[in-house]
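These are my notebook entries on a structure I had not opened before. I went through it piece by piece and wrote down what I looked up.

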Amino acid sequence: MLDAETVLGGIRRYPDAEAPNLFAVDAADRLVLDTVAERDAELVDRTIAVINDRYGALTLGVAARHGITGIRVHQDSVTGELALARNAADAGLTGVFSNHDLGEDLLDGVDVVLMQLPRSLAELTEIAETIARFAAPEVQVYAGGRDKHMTPAMNAVLGGSFESVSAGRGRQKARVLSASRPIRPSALSYPVSEFIGDIDLTVLAHGAVFVGAKLDIGTRFLGSFAARMKPDASVVVDLGCGTGILACLLARTHDTARVMATDRSAAAVASARATASANGVVIDVFRDDAMATLPSSSVDLVVCNPPFHEGASLHTGSAEKLFAAAGRVLRPGGEMWTVYNTHLGYRQALSNAVGPTEVAGKNKKFTVTRSVR
């Protein structure tokens, strides 16, 4: 059996950004693993699912400690999947797990769930309802998080899907919530739907998507420039598409173009597909790590409302990665239109990664820029 501490010590975040303030394994991961080991001595006989394992600590940790295979894993982020695969290969644990969407295929017959608590109550609600609907009646859920990101509302959310919810003793500013005795829901709450009248779109959103089915103010500002964005573009990409609002707007203003929407989040991709379908809009939606699967010099227009956080940490690495990706996939003369909080000052980074960048618009909070390859 492998040494679990050696396995955990070798886990990396790559291909996500790596920096001194960004961690691949945290105290919550270790506390979940310890709690499960203390409470279930026969873990090798259980059917196990792992949810929200960021880079593989829960999956590879439980496999190394208990000699377990056949672990079913759901990670919303494709970069998390890539990191888990690389970390498993480095640890000699390739083949101990399989990847699944959040649903019956992941949870049918599962009696132990290990997970990292999401910060979003909406995401937690969708996960809890899905476990309660599809897992075994005797399922035990162990959900870990850092104290600073946990709220009493999380207990209430879990209490809506499980008869028994309890909080374990804290350690190193982390804690594990345990849940059992699932309450089978008659219907799932997600995706939610909302009609946004001023842009004439019905938006659908799964729980993990930023701002849900609403239109965030940065996307609204960027979308107001849609008709000005390279009118002759034949290939358009909404990079980091979320619910697919920008892609749908661009499909209307660029009706002869092939419009693609891509995001690293499985929930975002499912939401964008549902939004396009609800509005009768034809777009290609796919999950990818910063357009890695698109050929170089193959796109005419990229639009992007980039993130400025890595999980709970303020970090611009993800945005810079998206800018570099746009510089790679854009054809000469192609354009990237970007919206960002003005204080972030991304104009120089965009000039360096894409090409000459001008300010196309600015309001009290946001700046929209146009970069030309």
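I began with burial: buried means under 20% relative accessible area, exposed means over 50%, and partly exposed lies in between, with a 1.4 Å probe and protein chains only. The model is predicted, so I kept its limits in mind: local features need pLDDT of at least 70, side-chain atom pairs count only at pLDDT 80 or more, and totals for chains, interfaces and linings use all residues. Residues are numbered from 1 along each chain as its sequence is written, and side-chain values use heavy atoms, with hydrogens and water left out.

**Entry: Val-50**

I looked up Val-50 first. Its relative accessible area is 0%, so Val-50 is buried. I found Val-50 in strand β1, residues 48-51. Helices (H or I, at least four residues) and strands (E, at least two) are DSSP runs, numbered from the N terminus. Next I listed contacts, meaning heavy atoms within 4.5 Å. Not counting residues up to four places away in sequence, Val-50 touches Leu-58, Thr-59, Ile-71, Arg-72, Val-73, His-74 and Leu-114. I also checked Val-50 against Asp-255: they are 205 residues apart in sequence and 42 Å apart in space, C-alpha to C-alpha.

**Entry: His-100**

Is His-100 buried or exposed? Its relative accessibility is 14%, so His-100 counts as buried. His-100 sits in the loop between β3 (97-99) and α5 (104-107). Leaving aside neighbours within four places in sequence, I see His-100 in contact with Arg-72, Val-73, His-74, Asp-105 and Leu-106.

**Entry: helix α2**

I turned to α2, residues 27-39. This helix has 13 residues and reaches 18 Å from its first C-alpha to its last, close to the 18 Å expected at 1.5 Å a residue. The expected span is 1.5 Å times one less than the number of residues. Buried residues of α2 include Ala-28, Leu-31, Val-32 and Val-36. Among the elements covering the buried residues of α2 are α1 (4-9), α3 (57-66), β4 (112-116) and β5 (140-146). At the start of α2, I noted a side-chain oxygen of Asp-26 within 3.0 Å of the backbone nitrogen of Ala-28.

**Entry: helix α7**

Which residues of α7 (152-159) are buried? They are Met-154, Val-157 and Leu-158. These cover an arc of only 95° around the axis, which puts them on the same side of α7. The arc is that of the directions from the helix axis to the C-beta atoms. The face turned away from the buried side carries the exposed residues Pro-152 and Ala-156. I found α6 (121-134), β6 (162-167) and β7 (174-182) among what covers the buried residues of α7.

**Entry: nonpolar cores**

A nonpolar core is a set of buried Ala, Val, Leu, Ile, Met, Phe, Trp, Tyr and Cys residues joined through side-chain atoms within 4.5 Å. The largest has 38 residues, and Met-229, Ile-245, Ile-283, Leu-301, Trp-337 and Val-368 touch the most other members. Elements giving two or more residues to this core include α8 (217-223), α9 (245-253), β13 (299-304) and β16 (330-341). The most comes from α9, with 7 residues. Apart from this core lies another, of 36 residues, among them Leu-60, Ala-83, Ala-88 and Tyr-142.

**Entry: aromatic pairs**

How many aromatic pairs does a search of the whole structure find? It finds 4. The centres of the Phe-221 and Phe-225 rings are 5.4 Å apart and their planes are at 75°, so the pair is edge-to-face. Rings of Phe, Tyr and Trp (its six-membered ring) pair if their centres lie within 6.5 Å; planes under 30 degrees apart count as stacked, over 60 as edge-to-face and the rest as tilted. Phe-221 and Phe-225 are buried. Ring pairs link Phe-221, Phe-225 and Trp-337 into a cluster.

I found a cis peptide bond joining Tyr-14 and Pro-15, with omega about 20°. Pro-15 lies in the loop between α1 and α2. Another cis peptide bond joins Tyr-190 and Pro-191, with omega about 5°. Lys-173 is not a glycine, yet has a positive phi of about 60°. Its relative accessible area is 65%, so Lys-173 is exposed.

Note on methods
A polar contact is a pair of N or O atoms within 3.5 Å; within protein, one must be able to donate a hydrogen and the other to accept it, and residues adjacent in sequence count only if both atoms are side-chain atoms.
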